[in-house]
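Here's a quick briefing to read with the structure open beside you. Take a look around first, then work through the topics below.

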Amino acid sequence: MKLIRLAILVGLITAVPICAMIYIGVDRLEKSAPEMRELRDMVVGGDLADPLGPEPDVFPIDRRISNQDDVSLDVIIYGKGDRDLFFYSHKHNRNFRYPIDLLGRSDRHFATRLPVYLPSNDGYPVIRRLSNRAGQSKLCLIEGRTAFDVIFRLVDEDAEHVYPINRLSDGDRQFVFGLPVNR
């Protein structure tokens, strides 16, 4: 009986410090969680990065998104504000600013995890399928224009192109002339 009491006493003496150490460790971990979150956000592409989350330099993003009514649209996302998503619709050949709250659940979750990246105050970049007078068209990321030329990158390449506005189709020429001159 004395041996059992001694074993219980030794167990209590060793268990209390172990439990205290675990409690202190968990407490410190909870207090450092915001700092760890900041560290994770600073490390992009490393071991601490979220494998499901996007990196800040992923724009533009080609994706099919759905709204709360489950209506889908193929888009290219080129920016995000605090409450809005900026995207180009393939179907409409137009750019939209759409409230994130109106997206479907999974797309809303995806959009809230994107980094904030707003188009510049001059309205660029603009994504549009540009056509020349011969009817050939390319999906372009328009970065600016001069009085006579449009400056763009093809969505799937990095090279900058300069193209005379007067060689565009009538509709695209009218669209580009509606953009501000920034170069």
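How many residues does the hairpin use to join β7 to β8? The hairpin makes that link through 5 residues. Keep in mind that you're looking at a predicted model. Below, we start with the sheet, move on to the cores, and finish with a helix and the hairpin.

**The four-stranded sheet**
- An open sheet of 4 strands runs in the order β1-β2-β3-β4, and the pairing is antiparallel.
- At the edges sit β1 and β4 (residues 94–99), each of which pairs on one side only.
- From one strand to the next, the twist averages 45°.
- Antiparallel strands β3 and β4 are joined by 6 bridges, and Phe87 has Phe96 in β4 as its bridge partner.
- Helix α2 packs on this sheet and touches β1, β2 and β3, with its direction at about 140° to that of β1.

**A closer look at Ser66**
- You'll find Ser66 in strand β1, which covers residues 61–66.
- Is Ser66 buried or exposed? Its relative accessibility is 14%, so Ser66 counts as buried, the cut-off being under 20%.
- Setting aside neighbours within four places in sequence, Ser66 is in contact with Val71, Ser72, Leu103, Gly104 and Asp107.

**The nonpolar cores**
- The largest nonpolar core has 13 residues, and Ile77, Leu85 and Leu114 have the most contacts inside it.
- Two or more residues each come from β1, β2 (72–80), β3 (84–89) and α2 (105–112).
- The biggest giver is β2, with 3 residues in this core.
- Leu85, again leaving out neighbours within four places in sequence, has contacts that include Ile77, Phe96, Tyr98, Ile100, Leu103, Ala111 and Leu114.
- Apart from that core lies another one, of 12 residues, among them Val126, Val150, Leu168 and Leu179.

- Within α3 (residues 170–177), the buried residues are Asp172, Arg173 and Val176.
- Why do we say these buried residues line one face of the helix? Look down the axis of α3: they fall within an arc of 105°, so they line one face.
- On the face turned away from the buried side, α3 carries the exposed residues Asp170 and Gln174.
- The buried residues of α3 pack against β5 (126–131), β6 (137–145) and β7 (149–154).

**Back to the hairpin**
- Strands β7 and β8 (residues 160–164) run antiparallel and are joined by 5 bridges.
- Opposite Val150 you'll spot Tyr163, which is in β8.

How values were computed. Residues numbered from 1 in each chain as written. Predicted model: local features only at pLDDT ≥ 70, side-chain atom pairs only at ≥ 80, totals over all residues. Heavy atoms only, no water. Buried < 20%, exposed > 50% of the residue type's maximum accessible area, 1.4 Å probe, protein only. Contact = heavy atoms within 4.5 Å. Arc of directions from axis to C-beta. Pairing = 2+ DSSP bridges. Core = buried A, V, L, I, M, F, W, Y, C linked by side-chain atoms within 4.5 Å. Axes fitted to C-alpha atoms, helices over the stretch in contact; angles between N-to-C directions.
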